[in-house]
Amino acid sequence: MTQSHSRISKAVIPAAGLGTRFLPATKATPKEMLPVVDKPAIQYVVEEAVSAGLDDVLMITGRNKRPLEDHFDRNYELESALEKKGDAERLAKVQESSDLATMHYVRQGDPRGLGHAVLCAAPHVGHEPFAVLLGDDLIDPRDPLLRRMIEVQEQHGGSVVALMEVAPEQIHLYGCAAVEATADGDVVKVTGLVEKPDPADAPSSYAIIGRYVLDPGIFGILRETEPGRGGEIQLTDALQQLAQDEKVGGPVHGVVFKGRRYDTGDRGDYLRAIVRLACEREDLGPDFRTWLRSYVAEEMQQP
């Protein structure tokens with residue numbers, strides 16, 4: 001069993017997708033750079049990793065993703081202009097992204113799925129356990145999911161996935177886990193996984209959301225994993241092998257998440273995420289909520 005209990009310090013963020021659901025906005029702009037209120041979605045994800053103690057971040061990118069690197073780099077011309085204006089508040093916001101973490105980048109040459117994107121991280125990660133954060137799921141910082149997952153991995157070894165209970169008719173949109181209860185109420189042992197099953201074939205209503213803490217043994221499995229659903233190398237398929245054979249990389253556990261999650265994976269949920277986050281902002285919330293109530297009241301009076 002390849003259980004590793006060394007301190008987890010590295011986060012991997014796959015960001016090579018084409019963002020076709022947001023065309024034409026993503027024709028020239030990476031979907032990860034779409035603003036959620038006034039920050040790009042990808043910055044929320046990096047901030048989450050850093051708040052969990054992961055200060056070494058590897059981003060898996062692709063063609064036309066250079067703006068991601070630019071966002072987390074210094075912009076001396078802009079900083080100089082803001083400094084000359086005496087705009088300390090905006091200057092601090094600009095510098096915040098470049099000071100968040102030690103950022104690294106590697107390109108996924110071919111779009112061969114999430115499993116292949118994770119495999120691209122192998123040279124950087126080495127033989128340490130590591131976290132994977134998907135940019136479509138934004139987790140509220142008041143609900144420290146990733147920190148809890150790291151605790152579970154340090155306790156049990158192996159790998160840990162984030163699970164959330166969804167309606168049966170929605171399970172076909174997610175990877176789905178078969179689970180067994182443990183002594184911890186928010187932790188289950190994963191005995192099997194299937195990618196986007198038909199509701200009738202789903203082993204549970206527990207969906208995998210976009211957070212993972214993985215044993216490095218996953219790399220050897222991914223190298224041997226054949227393309228699965230959609231002709232892509234699925235991370236779920238590799239985790240299924242880990243769940244069935246603990247000798248390869250330890251057990252697979254799941255943390256059942258019941259907190260606040262903002263799904264930016266499609267246009268409707270993206271808009272709802274912006275509204276929810278804007279309503280909760282101290283600087284925007286009061287005026288925005290007042291306007292929103294008025295707007296909803298007016299709409300309800302329409303025939």
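Contact is taken here to mean heavy atoms within 4.5 Å. On that basis, and with neighbours within four places in sequence left aside, Ile13 of this predicted model is in contact with Ile42, Val45, Val46, Val57, Leu58, Met59, Ile60 and Leu133.

Ile13 also belongs to the largest nonpolar core, which comprises 44 residues, and it is listed with Leu54, Met59, Leu133, Leu145, Leu146 and Val213 as touching the most other members. Helix α1, spanning residues 41-51, contributes the largest share of this core, namely six residues. Another core, made up of 34 residues and including Leu163, Leu193, Ile218 and Val256, lies apart from it.

In composition, the lining of the largest pocket divides into 18 nonpolar, 14 polar and 14 charged residues. Several elements each supply at least two residues of that lining, among them strand β1 (10-14), helix α5 (114-119), strand β11 (206-214) and strand β13 (261-263), with β11 giving the most, four residues.

As regards confidence, the chain has a mean pLDDT of 90, and 98% of its residues reach 70 or more. Within the chain, confidence is highest in strand β6 (residues 130-133), at a mean of 98, whereas helix α10 (residues 246-249) has the lowest, at a mean of 76.

Note on methods. Residues numbered from 1 in each chain as written. Predicted model: local features only at pLDDT ≥ 70, side-chain atom pairs only at ≥ 80, totals over all residues. Heavy atoms only, no water. Core = buried A, V, L, I, M, F, W, Y, C linked by side-chain atoms within 4.5 Å. Buried < 20%, exposed > 50% of the residue type's maximum accessible area, 1.4 Å probe, protein only. Nonpolar A, V, L, I, M, F, W, Y, C, P; charged D, E, K, R; others polar. pLDDT = per-residue confidence, 0-100.
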